[in-house]
Amino acid sequence: MKLKQLEGLLGSLQQFENPKIELEQYPTGPHIASRLLYTAENSFGDVSDKVVADFGSGCGTLGLAAGLLGAEHVIGFDIDEESIEIASLNADELELDMDFIQCDIRNLRLSDRAIDTVVMNPPFGTRKKGADMVFLSMALKVASGAVYSLHKTTTRDHIKRTALREYNASSAEVLCELRFDVPQLYKFHKKKEVDVAVDLWRFVPNTNRPKHL
């Protein structure tokens, strides 16, 4: 599937009707989502025939992109029931099988590294400091192959240092810098939309050291 075709399909998906600010719910736009998954597959082979988990799956955009690119099995994890309902409708619309588990990522329990690749657009931590790092820490415990994640460019040094020193990543690489379009979703938003500079990261977990969850 070509990049433009993938972006077009993702652009047709239903997004949040009543986003919850406490969960920092912002839709992952088709431009960024398509590039994240297209890069993961075409540069690294981390999607096709792999078990892919979408952490904080929201309306399912990243996970469904993985499904469109030939993932063997896709699982979305999200704390919000309404988001999962929308994501399920989106999966039906695309005629894709995607499983959803309602849970708090902090309480996730997986017995082994049955997941090959984790993709995620975590909360940036603007409302709850460190929320993005909770997602990253868990993703590096769960994935056997790679973790793809979006983080604010302003946090680049902190992300790299923490992933390598504290979260057992064997590598942490910024693949590209993107512009995340934040639409006017909440009452406190003064502007119609804001562009936030974000990094697309690829982390490789160090699987030599056993992790017990």
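**Reading the cores, a helix and a buried arginine**

User: Which residues touch the most other members of the largest nonpolar core?

Analyst: This is a predicted model. In the largest nonpolar core, which has 33 residues, Leu36 and Leu37 touch the most other members. At least two residues of this core come from each of helix H1 (3–11), helix H2 (30–42), helix H3 (61–68), helix H4 (81–94), strand E5 (143–152) and strand E7 (193–205). Another core of 27 residues lies apart from it, with Val51, Cys103, Val118 and Met138 among its members.

User: What does Leu36 touch, not counting residues up to four places away in sequence?

Analyst: Leu36 touches Leu62, Val119, Met120, Tyr148, Leu150 and Leu200.

User: Helix H3 comes next. How many of the residues of H3 are buried?

Analyst: Here is a general idea to start with: an α-helix has 3.6 residues a turn, so residues three or four places apart point the same way. In this structure, H3 is mostly covered, with 7 of its 8 residues buried. Those are Thr61, Leu62, Gly63, Leu64, Ala65, Ala66 and Leu68. They pack against H1, H2, H4, strand E1 (51–55), strand E2 (73–78) and strand E4 (115–120). Just after H3, Gly70 has a positive phi of about 95°.

User: Why does Arg202 count as buried?

Analyst: The general idea is a cut-off: buried means under 20% relative accessible area. Arg202 counts as buried because its relative accessibility is 14%. This residue is in strand E7, and its side chain makes a polar contact of 2.8 Å with that of Tyr148. Leaving aside neighbours within four places in sequence, the contacts of Arg202 include Phe44, Asp46, Ser171 and Glu173.

Methods. Residues numbered from 1 in each chain as written. Predicted model: local features only at pLDDT ≥ 70, side-chain atom pairs only at ≥ 80, totals over all residues. Heavy atoms only, no water. Core = buried A, V, L, I, M, F, W, Y, C linked by side-chain atoms within 4.5 Å. Buried < 20%, exposed > 50% of the residue type's maximum accessible area, 1.4 Å probe, protein only. Helix = DSSP H or I, 4+ residues; strand = E, 2+ residues; numbered from the N terminus. Contact = heavy atoms within 4.5 Å. Polar contact = N/O pair within 3.5 Å; in protein donor to acceptor, adjacent residues only side chain to side chain.
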